[in-house]
Amino acid sequence: MLKIYNTLSKQKEEFKPINPPNVNMYVCGPTVYDYFHIGNARSFISSDIIRRYLEYMGYKVKFVMNLTDVDDKIIKKSNEEKIDSKIIAEKYINAFFEDVEKLKMKKADIYPKATEHMDDIIEMIKELEQKGFAYNVDGNVFYDVGKFKEYGKLSGKKIDELESGSRVEVNVEKKNPLDFALWKKAKEGEPYWESPWGNGRPGWHIECSAMSCKHLGVPPNGGIDIHAGGNDLIFPHHENEIAQSEAANGKKFVNYWIHFGFLNLDNEKMSKSLGNFFTARDVLKKYSAEAIRLLFAQTNYGGPLNFSDELLSSAEKGLEKINNLAQKIEDEIKTNSKESINPDFDFQKYENEFTRVMDDDFNTPQGVAVIFDFVKEVNRTISENENINVKFYKNAKSFLEKTAEGILGILDFDNLSKTSDGKLEGDLIEFLIQLRTDAKKEKNYTLADKIRSELNKLGVVLEDSKEKTTYKITRTKNQAAN
Ligand code: AMP
Ligand code: ZN
């Protein structure tokens, strides 16, 4: 029985979908004004693992992730760079899909874009206005927070407390500082759409309410089983989504709210605005998608995780153990024609154990532990038995395919040699760096410079600091192949 920690009730609850075996899942996606960072990737990958586990359990998951393609940040970038905001959004949407693929995430069933849902958004605002939850001040439409009696039920915040300690910007047009914009009146130089309130654009929160409702419906025929996003979205984004959707539809909006802990750098949230971030694509130049995914899976999705090179290197090392066994399995399946022993090995026990821990609120750290335990025991069995037949290897492959590959995405049977190539490449670069450091110590600067410039020609740029030399690969694998 699957239990999920629900931010709404602040406890683990048995998972009961609205219309089994269907499960409707909505995840707040990126604002497309830049490449996404590895902190965003943590939230996206965590939702990918949850979706894959639900599918493994036999649910038919409809997975929707929105793309925020109209927003202050996009408009700001568009003005700074003097490029149309549509072109900016398009560029980063394409980059987003490339990174999603590189991180081995399953594609969503639908990636709705705000700009393509203006009618749905306007309809929902009209509904809110008719029901008395919204008011128009000269072309700016606001949500009247005071009208929604349950405001604060997700974040646990109380309206009065929020008002007094509020850091929400004071806006003379609003009745209450907590009221938020549903529709923003067009300003000079900004993209706009026509609406009953004049030209303007939607607020961020209403986009998610309108698009999730449009694609996943409302109970009893539809509805959202799971809605997920990073911890920073609990308030105000998700609180506001509840207020809007429940006021407009008169139905419970979401049954299970799942929130992902922050990826931190030196214990501070990785974020674009603080400038303490690495893009996912840069991290992928040095580490495999599998290592990144393993690093994330080793911590509970809800807790904080401090990001470091050391952790990723050790994840990469951990993967070697799984990959070596996977390679052995592949080799044996290809060549082994032994009719002899099928050692006594309880494969089912490991799968049962894996699902038992994952059923407890997707406990991936324990799931990973089960996989490593499995690898150890299979290796031991192989070393203790000489004539193992192919059936054993097929069973072992089946377990790893379902769990490590299918659910966690930390193994890729079709790309085993490629993963190890990447590793070999990294090891060879490290070896050349060491050789150069030795050469410098011996004052052999000709050799040291030669190593640097030859690596440079190959697209490997060395960066010296006091303590050590690091490297960056500046061209992609595709370019290297050309
Ligand atoms: P954004 O593009 O900023 O709207 O973020 C997209 C998703 O990434 C949202 O679900 C955020 O909550 C999530 N996110 C942003 N920063 C982090 C972080 N440092 N760690 C984990 N998730 C994050
Ligand atoms: Zn959202």
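This is a predicted model: local features need pLDDT of at least 70, side-chain atom pairs count only at pLDDT 80 or more; totals for chains, interfaces and linings use all residues.

Me: How many salt bridges does the structure hold?

Reply: A salt bridge pairs a side-chain nitrogen of Lys or Arg with a carboxyl oxygen of Asp or Glu within 4 Å. The structure holds 39 of them, including one between Asp34 and Lys272, whose closest N and O atoms are 2.7 Å apart. This pair links distant parts of the chain, since Asp34 lies in the loop between strand 3 and helix 1, while Lys272 lies 238 residues away in the loop between strand 12 and helix 8.

Me: Which side chain meets Lys185 in a salt bridge?

Reply: That is Asp138, with 3.1 Å from N to O. Lys185 belongs to strand 7 and Asp138 to the loop between strand 5 and strand 6, so that the pair, 47 residues apart, also links distant parts of the chain. Lys185 is partly exposed at 36%, and Asp138 is exposed at 56%.

Me: What separates Glu377 and Arg380 in helix 12?

Reply: They are 3 residues apart, which means about one helical turn, and their closest N and O atoms are 2.7 Å apart in a salt bridge. Glu377 counts as buried at 17%, while Arg380 is partly exposed at 40%. Elsewhere, salt bridges with shared partners join Arg51, Glu55, Lys106 and Asp109 into one network.

Conventions. Residues are numbered from 1 along each chain as its sequence is written. Chains are lettered from A and ligands numbered from 1 in the order in which they are written. Side-chain values use heavy atoms; hydrogens and water are left out. Helices (H or I, at least four residues) and strands (E, at least two) are DSSP runs, numbered from the N terminus. Buried means under 20% relative accessible area, exposed over 50%, partly exposed in between (1.4 Å probe, protein chains only).
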